[in-house]
Amino acid sequence: MQRFDGRVAVITGAGSGIGRATALRLAREGARIVAVDVDVEGGERVAKDTDGLFVRADVTDEDQVREAFATARSAYGSVDVAFNNAGISPPDDDSILTTGIDAWRRVQEVNLTSVYLCCKYALPHMREQGRGSIVNTASFVATMGAATSQISYTASKGGVLALSRELGVQFAREGIRVNALSPGPVNTPLLQELFAKDPERAQRRLVHVPLGRFAEVTEIAAAVAFLASDDASFITASNFLVDGGISGAYVTPL
């Protein structure tokens with residue numbers, strides 16, 4: 001399939017994990033990739049692997065975000081897809097009883113404020129074109145509660161979900177779709193690092209997945225490719241859950 005032939009996709013957090021897998025997937029389907037990351041080595045690698053462009057940017061910095069989207073437009077002529085995916089889940093984000101205000105604010109800045117900024121500066125290009133698709137990475141924890149809490153992460157992803165819904169409604173009649181992608185636990189370096197420090201936490205989460213495993217990054221990339229493509233032309237303001245059945249389960253299979 002070449003669903004993205006002639007289209008330009010800007011991907012944040014593109015240097016690894018879901019971002020990298022999505023860049024590779026969209027490139028295979030014909031997209032020109034603009035890989036945005038603070039990780040120079042990872043960003044340059046994915047740009048090379050996709051014959052695309054790397055832009056080093058801190059997604060919490062308004063000027064750098066504005067420039068990243070302007071660079072994409074200048075280099076390739078359009079901004080057709082924005083996959084706003086950058087995020088963190090640090091170990092000091094835990095229960096509300098123990099998470100400090102600095103940890104709270106850092107997670108909110110990277111996970112939620114960055115999505116606000118990326119949407120803010122992708123939308124003018126898309127409005128001028130009269131078309132575009134924005135996919136924002138939320139999480140299944142925006143829909144469900146967890147006793148093994150990461151309080152700021154959970155709150156930030158709830159914000160991404162609400163922001164995406166509102167923008168999807170606001171800009172629908174301008175030909176721009178905005179959706180939230182809500183993965184379940186994904187086998188990424190971020191999750192591996194978190195769970196390596198606390199195997200009990202990993203097992204407590206895994207037991208609730210009806211499919212009995214964590215998602216692979218390629219499976220999440222496939223969902224992004226669908227949402228960003230014309231195959232999802234009547235889908236906007238949605239919460240697209242790719243969670244192995246977690247959000248539908250009361251008890252899981254033996």
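This is a predicted model: local features need pLDDT of at least 70, side-chain atom pairs count only at pLDDT 80 or more; totals for chains, interfaces and linings use all residues.
Residues are numbered from 1 along each chain as its sequence is written. Local features need pLDDT of at least 70, side-chain atom pairs count only at pLDDT 80 or more, and totals for chains, interfaces and linings use all residues, while side-chain values use heavy atoms, with hydrogens and water left out.

Start with the largest nonpolar core. A nonpolar core is a set of buried Ala, Val, Leu, Ile, Met, Phe, Trp, Tyr and Cys residues joined through side-chain atoms within 4.5 Å. Buried means under 20% relative accessible area, exposed over 50%, and partly exposed in between (1.4 Å probe, protein chains only). This core has 32 residues, and Val36 and Phe69 touch the most other members. Strand 1 (8-12), strand 2 (32-37), helix 3 (62-76), helix 4, helix 5 and strand 6 each give two or more residues to this core. Helices (H or I, at least four residues) and strands (E, at least two) are DSSP runs, numbered from the N terminus. Helix 4 provides the largest share, eight residues. A second, separate core holds 26 residues, including Ile11, Ile18, Val81 and Val135.

Now look at Val36. Its contacts (heavy atoms within 4.5 Å) beyond four places in sequence include Val10, Ile11, Val55 and Ala68.

Helix 5 comes next. It covers residues 151-170, 20 residues in total. The expected span is 1.5 Å times one less than the number of residues. Among the buried residues of helix 5 are Tyr153, Val160, Leu163 and Gly168. The buried residues of this helix pack against helix 4 (101-129), strand 5 (132-137), strand 6 (176-183) and strand 7 (239-242).

Two loop residues deserve a look. Asp51 lies between helix 2 (40-50) and strand 3 (53-56). Its phi is near 55°, a positive value in a residue other than glycine. Asp51 is exposed, with a relative accessible area of 60%. Ala237 sits in the loop between helix 8 (217-228) and strand 7. Phi of Ala237 is also positive, near 60°. Ala237 is partly exposed, at 22% relative accessibility.

Finally, which residues line the largest cavity? They are Val141, Ala146, Thr148, Ser149, Gln150, Tyr153, Thr154 and Arg205. On a 1 Å grid over the protein atoms alone, a cavity is a set of points where a 1.4 Å probe fits but cannot get out, and lining residues have an atom within 4 Å of a point.

How values were computed:
On a 1 Å grid over the protein atoms alone, a cavity is a set of points where a 1.4 Å probe fits but cannot get out, and a pocket is an open set with protein on both sides within 12 Å along at least five of seven lines; lining residues have an atom within 4 Å of a point.
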